[in-house]
Structure formats: C-alpha cells, structure tokens
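Have your viewer ready and try each task before you read its solution.

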Amino acid sequence: MEFTSQFYDFTGINLQSYKRPQMERRLTFLRDKLGFRDFTSFFTAMRQDPAILHQLLDRMTINVSEFFRNPERWNALVSKLAQSEIVQEGQRLEAWSAACSTGEEPYTLAMILDNNFPGLDYHIFATDIDKTVLNSARQGRYRDAQLKGVPERYRHKYFESSSSTWTVQRALWRKVTFQEHNLLRDDYPKSLDLIICRNVLIYFTEEAKHYVVTRLANSLRDGGFLFVGSTEQFLRSETFGLVQVGPFLYQKRNAP
Ligand SMILES: C[S@@+](CC[C@H](N)C(=O)[O-])C[C@H]1O[C@@H](n2cnc3c(N)ncnc32)[C@H](O)[C@@H]1O
C-alpha cells in the first residue's frame, strides 16, 4: 500500500508491523471522520498539518495506561525479585519500561522498588514511540481519577497533592528517565535486569512480535526478568533463551 510506505518515510513507523484489520479500521475511520476521499489526500494533509498526524498517532497507538495495572502480577514480580540476587545489597538495578505511555507503569515500578527494597540503587529507563505521551509522563502530574489504582499509603508517600492534581514526588521522579524509542526500529539498551513491556505486543503482527521479543531477550542480562501484558505470553519461550517463571513473567537463562 502506497500510504504505508509514505507514512514510514515520513514518521519512521512501519504500519505493516501492526495487525492489519485493526490498523485499517482505525485509519479508515479517521480518514472518513476528517472528510478525506482517499488515503493520498489524507497523507498530503498530514504532511502539512501536524495536528492531523497527532490525531492519527493517538488513534493508532492507544495510550491507555493505569497505575498498578493488574496488581496481583506486580506482587508476583516483587516475589520473584525478592528471591533473586538483583536486589541484594550493593547491586544496582537497571530497568526498562518499554512503551510506557503516560508514565503510570514506570512510576508504579519506582514506587514498588522503593517501598519493597529500601536503599536499593535503581534506575528506570522509560520509552515510547509517541512524543505527546512522553511529555505528559515527564510532568508526572495526574488527576484524581487516574490515581484510583494507587494504594492509599503510596499516594501519601509518593505524591504531592494540590486541589485535584497529584504530582510524583521529586525523589521518585528523578529515578525515571523518559526517551522516545520505536521498538520496531531503534537500538535497544543492553545488560538490563528487568524489562516491562506490556500491552503493546498485542498490536503487532506475529512477525513483528517475534522480532521485538528476540531483541528484548537479548537486552536482558543472565537472570534478568521480562514482564509482559495480558494475552502477550509466548509459546516456546526457550527459543528466546527465556524461562517462564510466572503467568506473565520470564527469566533470561543463558545456555551453560
Ligand atoms: C496500551 S499502551 C500501554 C501502556 C503501558 N505499557 C501499560 O501497559 O499500561 C501502548 C503504548 O505502546 C506505544 N507504542 C505503539 N507502538 C510502539 C512502537 N513501535 N514502539 C514503542 N512504543 C509503541 C503507544 O504509543 C502506547 O503508548
């Protein structure tokens, strides 16, 4: 499709790696809503008007996120971490929240690490393809309703509130670095102890998912963990050098 290759040249986003029926439905809906007859005129308008491109990215990437999404899975992660040498004294934990959207996921991880492993030296690299969500994540400011998943004791410990806005406390905020990153194109960081990549693989084709999981596995150091989202588990994890250690959790085991 001509549109797909023009869009790739312009944005670096390869629509062919996303599941086709979903993507087509979203693109066609927006094209029709904005009143364009065909994809050529839609693309021309997009090049001239960044607002159209933003709308398209918003529609395409679905930025929904939550603090403590599926809390029992975060608890399972804490138990596994507690048993590993990653959180032992004197260690530094390097984590990556890939496709972090508006920041709820990396800040959840920061709260969990700070609360469960006091004194642990850690850093969280948090990335997304979408600049707009990253700008909002960097501000670390959330409305009341967005905090519904945050346990009461964490709210008071890790946020400052004013009227109905909650701002991530400076000390926690400093632990997270946000950066733009396209999982289908950019280089991946290396030697990580923990990668959280949730609710993005579901949008990818099987081929793209395979590419991303291979690279995520290569980014982990031996013993490092990969935490994925609902319906994102993969079969034959050993082909990626990963062992499943929980319903949504894998551990890197290098061949002896
Ligand atoms: C549903 S959100 C998931 C947010 C968070 N991980 C969670 O589970 O709550 C999906 C995110 O994937 C991002 N995304 C989509 N394609 C991507 C790509 N190729 N590389 C990096 N991020 C991508 C979107 O911008 C969006 O913020």
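Contact means heavy atoms within 4.5 Å. This is a predicted model, in which local features need pLDDT of at least 70, side-chain atom pairs count only at pLDDT 80 or more, and totals for chains, interfaces and linings use all residues. Residues are numbered from 1 along each chain as its sequence is written, and side-chain values use heavy atoms, with hydrogens and water left out.

**Exercise 1.** Find what Glu104 touches, not counting residues up to four places away in sequence.

*Solution.* Start with the contacts: Glu104 touches Ser65, Glu66, Phe67, Tyr142 and Gln146. Next, look at the side chain of Thr102, which a polar contact of 2.7 Å joins to that of Glu104 (N or O atoms within 3.5 Å; within protein, one must be able to donate a hydrogen and the other to accept it, and residues adjacent in sequence count only if both atoms are side-chain atoms).

**Exercise 2.** Classify the pair formed by the rings of Trp74 and Phe227.

*Solution.* Recall the cut-offs: rings of Phe, Tyr and Trp (its six-membered ring) pair if their centres lie within 6.5 Å, and planes under 30 degrees apart count as stacked, over 60 as edge-to-face and the rest as tilted. Now apply them: the centres of Trp74 and Phe227 are 5.2 Å apart and the planes are at 90°, so this pair is edge-to-face.

**Exercise 3.** Find the charged end that sits over the ring of Phe248.

*Solution.* Apply the test: NZ of Lys or CZ of Arg must be within 6 Å of the ring centre and within 35 degrees of the ring normal. For Phe248, the answer is Arg73, 3.7 Å from the ring centre.
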